[in-house]
Amino acid sequence: MAGLCEGGSEPPGSLKAMLLEPADTQHFSNVPRGKNLNGVAFIENEQRIKDLLQGKEQQKRDAFELAKANGELLECQCCYDSEVMAEDIVSCPEGHVFCKECVRRSADVIIGNGQNSFLCLTNCIAEFSLKVMRMVLKPTVFARIVQRKQMEEIQAAGIEEVENCPFCNFPNIPFSDDKVLMCTNPDCARDSCRKCRRSSHIPLRCDEVESKEVKMRTYIEDRMTDALMQKSFIKESGCNKMTCSCGAMMCYICRQPVQDYTHFNGQGGTEFHK
């Protein structure tokens with residue numbers, strides 16, 4: 001493991017260093033080639049990982065007891081928990097302090113309402129900085145918040161060249177001669193026609209795509225109509241085995257579907273009891 005840390009990327013004994021340490025594959029010869037060996041590394045270092053985590057928990061408990069003895073614990077101005085470590089406290093620009101859990105819960109509600117402004121939890125109008133929100137939110141959630149704020153700033157700037165993606169509303173700045181808008185939102189990344197605002201259909205023209213769509217829709221509607229339509233008929237002569245234009249056969253007397261003449265009492269029939 002010392003060899004791993006000589007590059008300076010991970011300190012010796014850290015959890016990540018344990019997981020990145022090359023596994024002893026001699027004991028796992030049945031592991032398929034090309035498979036990720038992180039699971040193997042975890043098995044080999046499982047007890048060491050548990051000891052490391054338990055050590056961190058013990059260090060945190062010791063630090064809490066020391067801070068409590070020295071009177072260094074702080075109070076959250078939202079939940080009024082008076083035993084919060086300084087490392088678990090964040091503040092608004094006006095100096096109001098809150099525990100990270102309260103700010104995180106408030107942010108979840110704000111995000112759920114589709115808003116991007118994280119105001120102080122007291123009556124002041126100050127807004128938590130992105131630095132604070134980065135400490136509180138999960139990385140994936142924080143990245144989406146930053147993306148939303150960037151969209152708002154671009155739209156507020158009133159740039160004429162900005163064009164929103166028709167699928168995700170993400171603002172993009174395409175070249176003036178581009179016929180296709182390529183969305184730069186990594187969660188979308190769809191190409192759309194700048195004229196008709198539908199999926200890119202190059203080399204077809206917009207009217208050609210619309211014509212094809214209309215024909216396809218009309219064809220499907222016609223077929224569904226034919227399938228649901230109940231056709232009526234009247235027998236003028238002949239036997240009671242009726243054949244519809246759709247190919248179905250039925251008895252003219254009882255309206256039951258038939259396959260051949262065995263349903264009838266005439267020549268070749270077997271239903272003499274009727």
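**Side chains and their contacts**

User: Which residue has the backbone oxygen that the side chain of Lys 100 reaches?

Analyst: The side chain of Lys 100 reaches a backbone oxygen at 3.1 Å. This is a predicted model, in which local features need pLDDT of at least 70 and side-chain atom pairs count only at pLDDT 80 or more, while totals for chains, interfaces and linings use all residues. Residues are numbered from 1 along each chain as its sequence is written, and side-chain values use heavy atoms, leaving out hydrogens and water. The backbone oxygen belongs to Glu 87.

User: How far from Lys 100 is the nearest side chain of opposite charge?

Analyst: Lys 100 lies in helix α5, residues 100-112; helices (H or I, at least four residues) and strands (E, at least two) are DSSP runs, numbered from the N terminus. Lys 100 is buried yet has no salt bridge; buried means under 20% relative accessible area, exposed over 50%, and partly exposed in between, with a 1.4 Å probe and protein chains only. A salt bridge is a side-chain nitrogen of Lys or Arg within 4 Å of a carboxyl oxygen of Asp or Glu. The nearest side chain of opposite charge is that of Asp 88, and its distance is 4.8 Å.

User: Which residues are linked with Glu 101 in a network of salt bridges?

Analyst: Glu 101 meets Arg 104 in a salt bridge of 2.6 Å, N to O, and Arg 105 forms another with Glu 101, the closest N and O atoms being 3.2 Å apart. Because Glu 101 and Arg 104 are 3 residues apart in helix α5, about one helical turn separates them; Arg 105 and Glu 101, 4 residues apart in that helix, are also separated by about one helical turn. The residues linked with Glu 101 in the network are Arg 104 and Arg 105.

User: How many residues apart in sequence are the parts tied together by Glu 163 and Arg 194?

Analyst: Glu 163 and Arg 194 form a salt bridge, with the closest N and O atoms 3.0 Å apart. Glu 163 lies in strand β3 (residues 163-164), whereas Arg 194 is in the loop between β6 (191-193) and α8. Glu 163 is buried at 15% relative accessibility, and Arg 194 is partly exposed at 25%. The pair therefore ties together parts whose separation in sequence is 31 residues.

User: How many disulfides does the structure hold?

Analyst: A disulfide is a pair of cysteine sulfur atoms within 2.5 Å. The sulfur of Cys 165, a residue buried at 2% relative accessibility, is 3.8 Å from its closest cysteine sulfur, in Cys 168, and therefore too far for a bond. The number of disulfides in the structure is 0.

User: Which cysteine has the sulfur nearest to Cys 79?

Analyst: Cys 79 is partly exposed, with a relative accessible area of 40%. Cys 79 is in no disulfide, and the nearest cysteine sulfur, 3.6 Å away, is that of Cys 102.

Methods. Lys, Arg positive; Asp, Glu negative; His and termini not counted. Polar contact = N/O pair within 3.5 Å; in protein donor to acceptor, adjacent residues only side chain to side chain.
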